[in-house]
Amino acid sequence: MYSVAMSDQNLMEKIVSLAKRRGFIFPGSEIYGGLSGIYDYGPLGVELRHNIKQHFWNKFIAERDDVYGMSAAILMPERVWEASGHTELFTDPLVECKMCHERVRADQSEAIAAHEASHKEKIEWSSPSVFNLLVETHLGASEKSATKVYLRGEITQGVHVNFKNVVDSMHPKIPFGIGQIGKAFRNEITPRDFIFRQREFEQMELQYYIRPDEEEGKRQFAFWKDFAFSWYQSLGFDKTHLRLRAHAPDERAHYAKDAWDIEYETPFGWKEAWGIHHRGDWDLRRHSEYSGHDLSYFDDSTGERFIPWDIECSGGVDRAVLFVLLEAYREDELGGEVRTYLALAPKIAPVKAMVSPLLKNKPELVQKAREVRKELQKVHPAIAWDDNGNIGKRYRRQDEIGTPFCVTVDFDTLGETPELKETVTLRYRDTGSQERLTIPEIAERIQAAVQ
Ligand code: GAP
């Protein structure tokens with residue numbers, strides 16, 4: 001159950017405001033007026049994003065014997081994108097307003113309606129034309145010698161162009177995967193919905209190479225579709241807020257034999273969170289042709305040589321950040337006061353626990369609380385300190401950023417009530433309930449929750 005209805009028209013505004021106020025996400029280069037579709041991550045946002053990426057890395061790469069990680073460069077030569085089909089086919093249909101010459105995506109009826117509403121008179125549109133989304137730049141000292149390069153439009157191609165390097169260095173047995181996390185860039189015509197559609201964003205992907213066989217393709221596709229869905233849910237989503245949707249044949253990207261999206265129910269409708277694509281041999285075959293390097297695989301168990309097929313899992317890091325914030329946002333009443341909190345899964349919460357001395361002007365309490373914090377940091381480094389204002393205010397500040405536990409050191413910890421010596425108060429974010437526990441017990445609770 002959402003505690004703030006998704007139909008709440010203000011939910012996105014509340015998230016955007018909280019994200020800025022509490023140091024999660026800021027408009028990019030804001031003091032210079034910003035750039036549309038570009039955002040910067042603040043101290044808490046960078047932790048949340050890091051935790052999501054780490055969870056991806058652990059489950060899709062580190063814990064598996066059949067997947068390798070890598071990190072390719074952002075800048076790639078034009079030829080890569082000719083081979084991948086992006087220079088020709090990575091396009092959006094555009095129409096231009098004949099009155100003000102602003103361009104809008106022809107396939108986005110809301111953007112068209114919003115633009116029409118911005119004019120007092122009736123406007124006319126040009127007929128649709130295609131617009132390429134790749135972001136280009138030039139490398140080189142002089143205009144004459146400069147080489148045209150592209151900021152990668154998907155992180156995928158960095159993996160495919162290194163296929164032979166990974167095979168030659170790691171000698172993997174097929175099927176095997178190569179995973180990567182990194183920035184991608186698209187000249188989106190209408191970036192919108194906060195960090196949902198940006199021009200610079202981050203992707204987490206797995207390219208899983210298999211034998212070119214229809215049955216194997218179906219089996220692996222089904223496996224990775226389920227795997228990605230369970231993983232996405234484990235970020236803290238209610239299963240009913242996510243769904244899998246097959247692309248219609250005319251909706252598929254140019255490289256896809258089959259494609260499914262994991263979608264999340266946002267206040268602006270069901271939206272793509274993640275894609276699972278059957279890319280067949282499209283990429284390796286095209287890079288073999290365009291580069292002149294043989295990107296086939298030799299299977300020494302069967303003596304066969306072939307170009308593997310690729311099953312791809314591809315998710316947006318920023319979309320995951322937005323969707324977990326939307327999912328976690330809560331408003332309730334606690335102790336007679338309205339409060340806002342983020343019910344984030346502890347493993348992705350930016351701060352795992354906050355330690356606090358009951359009173360900041362009592363050196364013996366402060367010293368003990370510092371020791372407790374150090375002890376808990378052995379379990380996880382993200383244990384915050386807060387001794388500002390009264391304890392209720394400290395709790396509310398942590399609730400708003402999704403900290404699952406607060407720990408308070410008081411005079412009983414020091415032995416004022418002898419049977420409570422060396423115990424502290426543990427307060428739970430979601431219920432506001434509290435209990436008295438020893439420090440090793442609290443360390444255990446945190447350890448269990450953040451796994
Ligand atoms: N390599 C396949 C690929 O890039 P995609 O469906 O274009 O496929 C994959 O992108 C994921 O990247 C999407 O599911 C989405 O989460 C994220 N994504 C794509 N475009 C985005 C944008 N403009 N802003 C933020 N995230 C985006």
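Tutor: Helices (H or I, at least four residues) and strands (E, at least two) are DSSP runs, numbered from the N terminus. Note that this is a predicted model, where local features need pLDDT of at least 70 and side-chain atom pairs count only at pLDDT 80 or more, while totals for chains, interfaces and linings use all residues. Residues are numbered from 1 along each chain as its sequence is written, and side-chain values use heavy atoms, without hydrogens and water.

Student: OK, at what angle do helix 2 and helix 10 pack?

Tutor: Helix 2 (residues 43-62) and helix 10 (residues 317-328) pack at about 110°, and their axes are 10 Å apart. That makes the two helices roughly perpendicular (65 to 115 degrees).

Student: Which residues of helix 2 meet helix 10 there?

Tutor: L48, R49, I52 and K53 do, and they meet V317, D318, A320, V321, V324 and L325 in helix 10 (contact means heavy atoms within 4.5 Å). By type, the residues of this contact are 7 nonpolar, no polar and 3 charged.

Student: Switching to strands: in what order do they sit in the open sheet?

Tutor: The order is 6-5-7, with antiparallel pairing among the 3 strands; two strands pair if DSSP finds at least two bridges between them. Strand 6 (103-105) and strand 7 (129-132) are the edges, each pairing on one side only.

Student: How many bridges join strand 5 to strand 7?

Tutor: There are 4, with strand 5 covering residues 91-96. L94 stands opposite S129 in strand 7.

Key
Axes fitted to C-alpha atoms, helices over the stretch in contact; angles between N-to-C directions. Parallel < 35°, antiparallel > 145°, perpendicular 65-115°, else oblique. Nonpolar A, V, L, I, M, F, W, Y, C, P; charged D, E, K, R; others polar.
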